[in-house]
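Let's take a walk through this protein, from its overall layout down to a few side chains. Have a look at the model first, and then we'll go through what holds together where.

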Amino acid sequence: ELLGGFEQADMDRSVGDLWGKVVVWVSGVTEELLGADRVEEGLLFMQRFLQLEQQFKERSLKRRRKDQVKIISEVVLSVRATNIRVAECEQLLMEVGRLEDSKQGTFEWVDSVLVGAM
C-alpha cells in the first residue's frame, strides 16, 4: 500500500489527471514559443488554448467525458502543429488513446501519495 494499488478505473479522475498534466505542459510550451522569438505564434497558440480550456470546463460541468478527451486531443495536436516537443505530443496522444479505449469496470494502477510526492 505504500507504493499504490489496483483500483477500479475512475474515468473522470483519469481525464482530470491528464488535463492537469496537459495544462502544465502547455504552459512550458508557451514559454518556449515566446522565448524563441516566435511571439506571434505563441500568442495565437495561447488564444487557441484558452478557447479550448473554456470548452473543457463547460464539458466538465456537463460530465461529457468523450468531449473532454476530444478537447485534450485538440490541445496536443495544436502543440504538435508548432513543431515543438513532438515526442511528448506523441506520448500524450497515446495516453489520450488509452482513455478513449478504456471501459467501465476495468482496474488501473494508482500510485500512492508517497510515490506522487517523490
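Helices here are DSSP runs of H or I with at least four residues, strands are runs of E with at least two, and both are numbered from the N terminus. Counted that way, the protein has 5 helices and 2 strands. Keep in mind that this is a predicted model. Going along the sequence, the elements come in the order β-α-α-α-α-β-α.

The protein has 118 residues, and 34% of them are buried. Its accessible surface is about 7800 Å², with carbon and sulfur atoms making up 55% of that. If you take the contacts with a separation of 6 or more, 74% of them are between residues 24 or more positions apart.

In soluble globular proteins, nonpolar side chains tend to be buried together. Here, the largest nonpolar core holds 24 residues, and the members touching the most others are Trp25, Val26 and Ile72. Helices α1 (11-35), α2 (39-61), α3 (65-80) and α4 (86-101) each put in at least two residues. Which helix gives the most to this core? That's α1, with 8 residues.

Beyond its neighbours within four places in sequence, Ile72 is in contact with Val15, Leu18, Trp19, Val22, Phe56 and Val96. Ile72 is also one of the buried residues of α3, a list that includes Gln68, Val69, Ser73 and Val76 as well. As for the helix itself, the 16 residues of α3 should span 22 Å at 1.5 Å a residue, and the end C-alpha atoms sit 23 Å apart, so the two agree.

**Salt bridges**

The whole structure contains 8 salt bridges.

| Pair | N to O distance |
|---|---|
| Lys21 and Glu95 | 2.8 Å |
| Arg48 and Glu74 | 3.0 Å |
| Arg85 and Glu88 | 3.7 Å |

Lys21 and Glu95 form a salt bridge that links distant parts of the chain, with Lys21 in helix α1 and Glu95 in helix α4, 74 residues apart. Is Glu95 buried or exposed? Glu95 has a relative accessible area of 18%, so it is buried, whereas Lys21 is partly exposed at 42%.

Glu88 is partly exposed at 33%, and Arg85 is partly exposed at 28%.

**Out on the surface**

Leu34, Val39 and Leu43 make a nonpolar surface patch of about 230 Å². Val39, which lies in helix α2, counts as partly exposed with a relative accessibility of 43%.

Finally, check out the loop between α3 and α4, where you'll find Ala81. Ala81 has a relative accessible area of 61%, so it is exposed. Ala81 and Phe45 are 36 residues apart in sequence, and their C-alpha atoms are 9.7 Å apart in space.

Notes:
Residues numbered from 1 in each chain as written. Predicted model: local features only at pLDDT ≥ 70, side-chain atom pairs only at ≥ 80, totals over all residues. Heavy atoms only, no water. Core = buried A, V, L, I, M, F, W, Y, C linked by side-chain atoms within 4.5 Å. Buried < 20%, exposed > 50% of the residue type's maximum accessible area, 1.4 Å probe, protein only. Contact = heavy atoms within 4.5 Å. Areas by Shrake-Rupley, 256 points an atom, 1.4 Å probe, with all protein chains shown as cover. Patch = residues over 30% accessible without salt bridge, like charges linked within 9 Å, V, L, I, M, F, W, Y side chains within 5 Å. Salt bridge = Lys/Arg side-chain N within 4 Å of Asp/Glu carboxyl O. Expected span 1.5 Å × (residues − 1).
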